[in-house]
Every structure is written in structure tokens, then in C-alpha cells.
Amino acid sequence: MKQALLLDLFSTLVPGGEAERAVVNLAMADVLGVDSAAFTREFAATRYGRFTGVFGDLPNTLRVIARRTGADPTDEQVHEATILRRTLTRRLLNACPPGTLSALAELRSAGWRIGLVSNITAETQLQWHQSPLPPYFDTTAFSAEVGAAKPEPEIYLTACNGLGVAPTACVYVGDGNDNELPAAAALGMHAIRTTEHSDSDPAWRGPTVASFTELPGLIGAPY
């Protein structure tokens, strides 16, 4: 029986903001006094560490990245760059479409227990609580808190444990980034791709919805 719904965050519930992230990264590099190409390279290279909380908070993460390029920014520079990133994250988390919030409410009313499974930094995890989304969730599995990131099984299993269900009792919904859909399916979950914000996994051959608002009609009540 499927009784729990596990959801991705960025590019599933809210925009991924890929273009905006690229612009902000360039702005942060400028503020930190770092060559933009070097900053972009090191930002990408530290992706897994940022997702699993290896570097601590955002200011320290930015210092680590800057120093890897040979720069040594001042506290003021780090603070200014931190504000740029925090502002972007806050904007994205608060850009959840009204239809998505309505669908979440409908799914909860139908009896689904809902968990979040998200690859995010420790900083984004803190900002999650200021978004409109937390009231719809029974548990969260944040990569920076778990110390593992999708597609690693640990982060999915953390959410399952938080809901008190086996993976086989879960429906997983995500855009497909980080190979999340095959990983969920390998654990026995029914995986569904959404393309509302990003066509991240066009090779996926499983069920797909163009909008999160389609989900209640597709899965109905727990079954």
C-alpha cells in the first residue's frame, strides 16, 4: 500500500533558479575579489561538500571557496556575498506557485503523509522555515543535516524513518536532478517526474506530470 509521499524541493515545489544562481555566483565572485571562472569552478567542485554540510555555514563556505582560488576576502566582503546568496534563496523558497500549495493541502486532506527529501546547503535549510511550505510536511530529510545527498539511499531512508514507513510504501516526486528518480525507484518507491520548473531528466520513461497540480488527480488517496 502506498501511504506516504516524498517530495523534492527545488525545481519541483519551487523554481530551481538556475539562471539566477549563475548571475548571483558572478556577483559573489566580484564582491569576494575572486576571478569569476575560478569561483565558478570551485563552487561546482565543492557541490557535494556543500550539500552534506562539510563546510559549515554559508560565510565559512564562501571563505573556503575563495581561498581555494588563492583569495583571502575580508569579513565585510564575505558578509556582502552572503547577503546576495541568502536573498536569492529566500526569493526562490517564497516563489512556490499557489497551485502547488493548494495541491499539497489537497494531498494532506486525502490522507497522504508527506516528507521532503532535498539536496540543500545548511543555509538553505535554515531559510526553509521562513517559507510557506513547512506546514504541509510531516518530516524533512535535508542533505546537510543527514550528511548524505541524493542519489544516496541514506537520505531517502531518513525521510521514510521520519514517517514510519517502508520505502515500498512511498510515492516519490521530483524533477529528476541528481539521478533522484532511478534512485527512488531502486528502493521500491513509485517515482514520478515533474517538468513544471525544469526538464531535468528527459530520459526518464516513467510517469511524468507537467504541473504539480496534476498530482492529486493522478494518485488520489493512499492506495
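## Close-up views of a predicted model

View 1. Ser-118 sits in strand S2; helices (H or I, at least four residues) and strands (E, at least two) are DSSP runs, numbered from the N terminus. This is a predicted model, where local features need pLDDT of at least 70, side-chain atom pairs count only at pLDDT 80 or more, and totals for chains, interfaces and linings use all residues. Residues are numbered from 1 along each chain as its sequence is written, and side-chain values use heavy atoms, with hydrogens and water left out. At 1% relative accessibility, Ser-118 is buried (buried means under 20% relative accessible area, exposed over 50%, partly exposed in between, with a 1.4 Å probe and protein chains only). Leaving aside residues up to four places away in sequence, Ser-118 touches Leu-9, Ala-141, Phe-142, Ser-143, Lys-150 and Ile-155; contact means heavy atoms within 4.5 Å.

**View 2. The open sheet.** Here 6 strands line up in the order S3-S2-S1-S4-S5-S6, with parallel pairing. At the edges are S3 and strand S6 (208-209), each pairing on one side only. Two strands count as paired if DSSP finds at least two bridges between them. Strands of a sheet pair through backbone hydrogen bonds, either parallel or antiparallel.

**View 3. S2 and its two partners.** Strand S1 (residues 4-7) runs parallel to S2, joined to it by 4 bridges, and Leu-7 stands opposite Leu-116 in S2. Strand S2 (residues 113-118) also pairs with strand S3 (residues 139-142), again in the parallel sense and over 4 bridges. Look for Val-117, whose bridge partner in S3 is Ala-141.

View 4. S2, helix H7 (residues 122-128) and S3 make a right-handed β-α-β unit. Right-handed means that, with the strands pointing away from the viewer, the path from the first strand over the helix to the second runs clockwise. Helix H9 (residues 153-163) lies across S1, S2, S3 and strand S4 (170-174), running at about 155 degrees to S2. Axes are lines fitted to C-alpha atoms, for helices over the stretch in contact, and angles run from 0 to 180 degrees between N-to-C directions.

View 5. A search of the whole structure turns up 10 salt bridges, each a side-chain nitrogen of Lys or Arg within 4 Å of a carboxyl oxygen of Asp or Glu. One of them joins Glu-20 and Arg-91 (3.2 Å, N to O). Glu-20 is in helix H1 (residues 18-32) and Arg-91 in helix H5 (residues 75-93), so this pair ties together parts that are 71 residues apart in sequence. Asp-75 and Arg-63 also meet in a salt bridge (3.2 Å, N to O). Asp-75 belongs to helix H5 and Arg-63 to helix H4 (residues 58-68), so parts 12 residues apart in sequence are tied together.

View 6. Asp-72 and Arg-67 form a salt bridge (3.5 Å, N to O); Asp-72 is exposed at 60% relative accessibility, while Arg-67 is partly exposed at 48%. Asp-8, Lys-150 and Glu-180 are linked in a network of salt bridges.
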